[in-house]
Amino acid sequence: MQTWSSVDVPTIPGTPRPLRLHDTATGQVRPTSPGETARMYVCGITPYDATHLGHAATYLTFDLVNRLWRDAGHDVHYVQNVTDIDEPLLERAIRDQDDWIVLGMRETALFREDMTALRVLPPREFVGAVESIPEIVEVIAKLVVAGAAYRADDSEYPDIYFDHAATGHFGYESNYDEETMRKLFAERGGDPDRAGKRHPLDALLWRMARPDEPSWESELGAGRPGWHIECSAIAVNRLGLGFDLQGGGSDLVFPHHEYSAAHAEALAGDRPFARHYVHAGMIGLDGEKMSKSRGNLVFVSRLRADGVDSAAVRLALFAGHYRADRAWTDDLLTTAEARLARWREAAALAAGPSVDDTIARLRDHLTNDLDTPKALAAADAWADEALKRQGTDSAAPGLFRDAVDALLGVLL
Ligand code: 5CA
Ligand code: ZN
């Protein structure tokens, strides 16, 4: 698929730091240790509705990872998918008497515009599920041969399922007990009670064609892929097993990321799928998780239409820590707009106090598990000082502008 427009990133002086991030599998903040090329896969949208601030917060989180790795001199191979065939898309298309292909294309186009407006660095590869069906089929066929997948045989539709125990270490990513797994599996798109499965936690890999559902001819029979195998195949085929970071919102910890990892590991026999599993907290509105199915949404495109500066949206979302579940409020945006105005005023001065120390603090805080609240406070301190006393360093305001642009993506 076509990705979105690239964004210029200024280089800034001083010494970059290695990035440390919380890893769900170990429960620890650990250093990332990419090679020359850092390899990141982030789960993309299911394009049945517009991008809301919850999605934006998640993609902005991984945009920071991308920026910090680049700051440290890595080339970043970033892959993101688009789940352009799945139940929610088909259901919405039927509800609205829309064509599911047109719906998916329209919402994906809007997503690109929203990401561009938010100055999110584009993935190198932006990959749709539909265009990936041949490679997904190939992986499923291999799983069947390896004995890690089987057909549910007591139904009119011999769908293919993954034997969740095939790797021998299922559950290492989420660390959930079986009861929690069963509950979340049922809540998040799984089918524990489907007859003909060997175990309730076995997950769908290939759904055989039903009348009135889209399907693709393949060596597995006509059908369409399950959800987890999509990300598993797309990631491993582009980044290789053991890539640096698998990311998404915390609603994807289980089942999605657990199974994506297990599918790949069942073939390679090796752990891990990714070296870090990183999850962003959920953005809520009025006390509930913001979600398309609940309908309590603030759309990025709505804010854009209202003339809200995307730098203020970034600052509003970065005011909280990425791992914290947090609420979007009007106050958050008002505070962010005031902060942005102050930073802009300071960056427009003819001179300021030296910014070297501030750049070092920005790097320290951001590379410490993306501590944006402390990073924003460090930038506030420089802006306040500059506005109070001006200073004599004529390069400082420009450097400040470059630093918050490069590291936070905030354009002053
Ligand atoms: N297509 C799948 C992933 S392969 C999917 O989950 N699509 S999505 O459109 O539902 O979500 C896209 C991304 O936004 C996912 O990483 C998801 O975890 C994240 N997300 C969804 N809702 C929120 C929310 N309220 N707050 C933060 N992130 C969210
Ligand atoms: Zn995914």
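Q: What geometry does the site of the zinc ion (ligand 2) have, judged from the angles among its donor atoms?

A: Four donors count as tetrahedral if all angles lie between 85 and 135 degrees. Here the 4 donor atoms of the zinc ion (ligand 2) make angles of 102 to 118°, and the site is tetrahedral. This is a predicted model, in which local features need pLDDT of at least 70 and side-chain atom pairs count only at pLDDT 80 or more. Residues are numbered from 1 along each chain as its sequence is written, and side-chain values use heavy atoms, with hydrogens and water left out.

Q: Which residues are the protein donors of the zinc ion (ligand 2)?

A: Donors are N, O and S atoms within 2.8 Å of the metal (3.2 Å for Na, K and Ca). In this model they are Cys 43 (SG), Cys 231 (SG) and His 256 (NE2), at 2.1 to 2.2 Å from the zinc ion. Their spacing in sequence is C-x187-C-x24-H. Cys 231 belongs to helix α6 (residues 227-239) and His 256 to helix α7 (residues 253-268), so the pair ties together parts 25 residues apart in sequence. Helices are DSSP runs of H or I with at least four residues, and strands are runs of E with at least two.

Q: Is Cys 231 buried or exposed?

A: Buried means under 20% relative accessible area, and exposed over 50%. Cys 231 is buried at 1%, and His 256 is likewise buried, with 1% relative accessibility.

Q: In what order do the strands of the open sheet lie?

A: Two strands pair if DSSP finds at least two bridges between them. The sheet's 4 strands follow the order β6-β7-β8-β9 with antiparallel pairing; β6 (149-151) and β9 (223-225) are the edge strands. Between β7 (residues 160-162) and β8 (residues 203-208) there are 3 bridges, and Tyr 161 stands opposite Leu 204 in β8.

Notes
Chains lettered and ligands numbered in written order. Tetrahedral: all angles 85-135°; square planar, octahedral: opposite > 155°, others 65-115°. Buried < 20%, exposed > 50% of the residue type's maximum accessible area, 1.4 Å probe, protein only.
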